[in-house]
Amino acid sequence: MAMQRHFSVRDCHQRSITALGFHTARREFLTGFEDGMIKWWDLDSGRLSQSAAEHSGMVTNLLYWTETKLVISSSNDGTLIVWTSGAVVLDKIRLRSPIFSIAINLRRNLLVCGFKNHLSIYPLDEQKTCGHIINLKKSVSDYQHSDIVSCIVSLDSQIYTVGYDKKFLIFDTYQTPEKTCLRVVHVNPHAHDAGITHLLLVRERESTSFLTGSFDRTVGVWSQDGQLIQRLQHFTSEITGMCYVPSIKTVWITSGNGQPLVLDPRSGDIISNFVDTFQTCDDNPQIKHLTCLPETSHVIGSTRSQMIVWKYHSSGSVTILNAKHPLECLSYNHYGQVWKKPT
């Protein structure tokens with residue numbers, strides 16, 4: 001049960017990759033670029049399917065709306081674009097301010113957008129009865145953040161946000177007949193010593209936790225109510241990418257390396273040396289972004305201009321045990337300990 005390298009695509013565009021996404025129904029993954037270009041790629045072959053340049057600024061997010069099979073892109077040009085199959089624009093919405101993060105809250109049927117200094121929520125309107133896919137007239141904003149809202153995660157009725165202001169906030173949403181409301185239920189004004197770059201939900205059968213990555217070169221592990229569980233300091237550079245891979249129950253983290261570091265979220269241990277995926281030493285440029293496609297068990301990583309795709313294989317090795325000497329035999333006891341007999 002391992003993730004194995006599937007293929008890579010080099011020199012996919014002349015400008016830097018700034019966002020990764022996917023379209024599960026079409027078995028495609030997407031790349032957004034610094035110049036506003038978006039490209040669709042076949043998940044099995046890596047061939048380019050479609051490309052479009054509707055944004056005039058850097059693409060900041062590519063979000064797949066599962067229920068409608070639509071893709072929503074955001075940009076620092078202040079626009080949201082809703083895409084149907086074949087890279088066709090269904091809706092283009094101008095929000096006037098650069099958009100740095102987006103998420104969908106399924107419980108309340110909301111699109112959540114992060115800007116500089118504030119967060120806004122918009123009721124979703126799939127039929128566009130109000131003229132757009134979101135209802136701009138019924139938006140609600142909160143100004144708890146004092147800098148860029150870099151990441152948003154939605155869980156049930158709650159919205160979790162982090163920002164370059166070092167804050168980690170939890171909002172509760174509730175609805176009245178007239179409007180949807182935001183209520184702050186938790187504020188950590190100093191969750192990291194520098195701006196927070198990533199927020200990741202890790203939801204397993206027995207537990208739910210959140211991971212934050214920062215420019216301060218640490219990862220924080222947090223409970224569902226925002227309490228710090230553990231601070232991880234294994235990293236040599238700022239955290240540039242994080243994703244949870246449910247098929248193997250590990251977290252992948254990029255931090256100035258050509259290969260992701262693999263974290264066991266239950267123990268907090270870095271287990272890269274015991275994972276078959278990264279035993280070969282490839283001379284890769286620094287991986288900047290990561291995303292996981294849980295339905296297809298793929299992980300997509302990107303450098304400045306290259307994409308790397310890993311795929312889950314059920315027959316792959318679970319772990320590797322390194323030994324200094326040749327081995328003659330192995331035994332295993334019911335306490336979970338492995339005994340090695342060297343030759």
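This is a predicted model: local features need pLDDT of at least 70, side-chain atom pairs count only at pLDDT 80 or more; totals for chains, interfaces and linings use all residues.
Reader: Is D11 buried or exposed?
Author: The relative accessible area of D11 is 66%. Residues over 50% count as exposed, and D11 is therefore exposed.

Reader: In which loop does N117 lie, and what is its relative accessible area?
Author: N117 is a residue other than glycine with a positive phi, near 80°, and it lies in the loop between β11 (110-114) and β12 (119-123). The residue is partly exposed, with a relative accessible area of 32%.

Reader: Which strands stand at the edges of the open sheet formed by four strands?
Author: The sheet has the order β6-β7-β8-β9, with antiparallel pairing. A strand at the edge has a single partner strand, so one side of that strand is left without a neighbour in the sheet. This applies to β6 (59-65) and β9 (88-94).

Reader: By how many degrees are neighbouring strands of this sheet turned against each other on average?
Author: The sheet in question is the open one in the order β6-β7-β8-β9. With direction ignored, its neighbouring strands are turned against each other by an average of 20°.

Reader: Which residue in β7 stands opposite N61?
Author: Strand β7 (residues 70-75) pairs with β6 in the antiparallel sense, over six bridges. Within this pair of strands, the residue in β7 that stands opposite N61 is S74.

Reader: Which element gives the largest share of the largest nonpolar core?
Author: This core has 27 residues, and those with the most contacts inside it are C12, F29, I38, W40, W83, I300 and M307. The elements that give two or more residues to the core are β1, β2, β3 (28-33), β4 (38-42), β6, β8 (79-84) and β28 (307-313). The largest share, four residues, comes from β2.

Reader: What does W83 touch, not counting residues up to four places away in sequence?
Author: W83 is one of the residues with the most contacts inside the largest nonpolar core. Once residues up to four places away in sequence are left out, W83 touches I38, W40, A52, E54, L70, V71, S73, V88 and V89.

Reader: How many residues does the second, separate core have?
Author: Among the members of this second core are W65, L80, I104 and F115. The core is separate, and its number of residues is 18.

Note on methods: Residues are numbered from 1 along each chain as its sequence is written. Side-chain values use heavy atoms; hydrogens and water are left out. Buried means under 20% relative accessible area, exposed over 50%, partly exposed in between (1.4 Å probe, protein chains only). Two strands pair if DSSP finds at least two bridges between them. Axes are lines fitted to C-alpha atoms, for helices over the stretch in contact, and angles run from 0 to 180 degrees between N-to-C directions. A nonpolar core is a set of buried Ala, Val, Leu, Ile, Met, Phe, Trp, Tyr and Cys residues joined through side-chain atoms within 4.5 Å. Contact means heavy atoms within 4.5 Å.
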